[in-house]
Amino acid sequence: MEAVIAVFALLFVLFLGLGVYATVKVVGAAKRGVDRGITQARRTVEDHTLRAKSFAQPGAAGELAQLRLKLRTSLRATQDALHAAAAEDQSMKESVGLFERLSAHGHELDDELKRLESEPSRSALTERLPGLRERTERITQSADALRWAARDRARRFAEDDLDTLSAQIDVEAGALRHWTTEPESRPAPPPWPDAPAADAPTAGQTWPETPQSSPAQEPAQPAIAPARPRPTYPWQKKPRPESTT
């Protein structure tokens, strides 16, 4: 009885632990989903705000907004392209590593541009704009190069696979349309063997005998068969000898 109670208690604890683990996983996944949604919404709001500032604010402030929008758009597009390519091509890991290093410089520049938006000195901001513009251009050019290289690689693989698939389909289509081509030639029947020589042993092919055999193959028989002696029986009289007189 105590063993049964212990087994039930162990099963209860096991199911309870599994339930807690599943609950934690579900809550964690839901939290990550909410965090991703909030982050995506925040990014969307920031992008729309920067786009509005780039059109509404003239001068250095508007140019800062343009630089930030250009930087964020380029890095985000490159990140999505590389991650999508790396999921199918393991050789893209090195490119992803290079992008992560480039992304660190991009985050640093974006934070600096964001701080300069509240800079009260417009003259100092104007002096720093050429350097900021150059850094933004270098980062975006590198990001664009990685993104286009990944897309070209994926397109090349797709074209190679399409060429191979087209060739296989052409071969299969030709096999399915075999009746439209010339009929296959049937193999010629084997030739009849030559007749055996006269002095050769009777081996190999033998021809069936006809009802009328040739005269050469029949045994020679005399024209008139000799008279056979008549049989004598006990009840018969002996023949008398003929007299010479």
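I'll start with the overall layout, then go through some surface and side-chain details.

Before that, the ground rules. This is a predicted model, so local features need pLDDT of at least 70 and side-chain atom pairs count only at pLDDT 80 or more, while totals for chains, interfaces and linings use all residues. Residues are numbered from 1 along each chain as its sequence is written, and side-chain values use heavy atoms, with hydrogens and water left out.

Okay, the layout. The protein has 4 helices and 0 strands, and from the N terminus the elements go α-α-α-α. Helices here are DSSP runs of H or I with at least four residues, strands are runs of E with at least two, and both are numbered from the N terminus.

How much of the protein is buried? Buried residues make up 18% of the 245 residues. For the cut-offs, buried is under 20% relative accessible area, exposed is over 50%, and partly exposed is in between, with a 1.4 Å probe and protein chains only.

Now to helix H1, residues 2–56, where we find Leu18. Leu18 counts as partly exposed because its relative accessibility is 49%. Leu18 also belongs to a nonpolar surface patch, together with Val4, Val7, Phe8, Leu11, Leu14 and Phe15. Together they have about 700 Å² of accessible area. Patches are made of residues with over 30% relative accessible area and no salt bridge; like charges are joined within 9 Å, and nonpolar side chains (Val, Leu, Ile, Met, Phe, Trp, Tyr) within 5 Å. The areas come from the Shrake-Rupley method with a 1.4 Å probe, and for residues only the protein chains shown count as cover.

Ala81 is in helix H2, and it is buried, at 16% relative accessible area. From His83 to Ser95 you go 12 residues in sequence and 9.8 Å in space, C-alpha to C-alpha.

In the loop between helix H2 (59–88) and helix H3 (93–116) sits Asp89. Is Asp89 buried or exposed? With a relative accessible area of 15%, it is buried. So what does the side chain of Asp89 contact? It makes a polar contact with the side chain of Arg153, at 2.5 Å. A polar contact means a pair of N or O atoms within 3.5 Å; within protein, one must be able to donate a hydrogen and the other to accept it, and residues adjacent in sequence count only if both atoms are side-chain atoms.

On to charges. Side chains of opposite charge can pair when their charged atoms come close. A search of the whole structure gives 13 salt bridges, each being a side-chain nitrogen of Lys or Arg within 4 Å of a carboxyl oxygen of Asp or Glu.

One of them joins the side chains of Glu112 and Arg128, at 2.4 Å from N to O. Glu112 lies in helix H3 and Arg128 in helix H4 (residues 122–176), so this pair ties together parts that are 16 residues apart in sequence. Glu112 is buried at 11% relative accessibility, whereas Arg128 is partly exposed at 42%.

Asp152 is partly exposed at 36%, and Arg155 is partly exposed at 46%.

Then Arg156 bridges to Glu159, with the closest N and O atoms at 3.9 Å. Both are in helix H4, again 3 residues apart, about one turn. Glu159 is partly exposed at 35%. Salt bridges with shared partners link Asp152, Arg155, Arg156, Glu159 and Asp160 into one network.

The charged end of Arg151 sits over the ring of Trp148, 5.1 Å from the ring centre. That label needs NZ of Lys or CZ of Arg within 6 Å of the ring centre and within 35 degrees of the ring normal.

That's my tour, happy to take questions.
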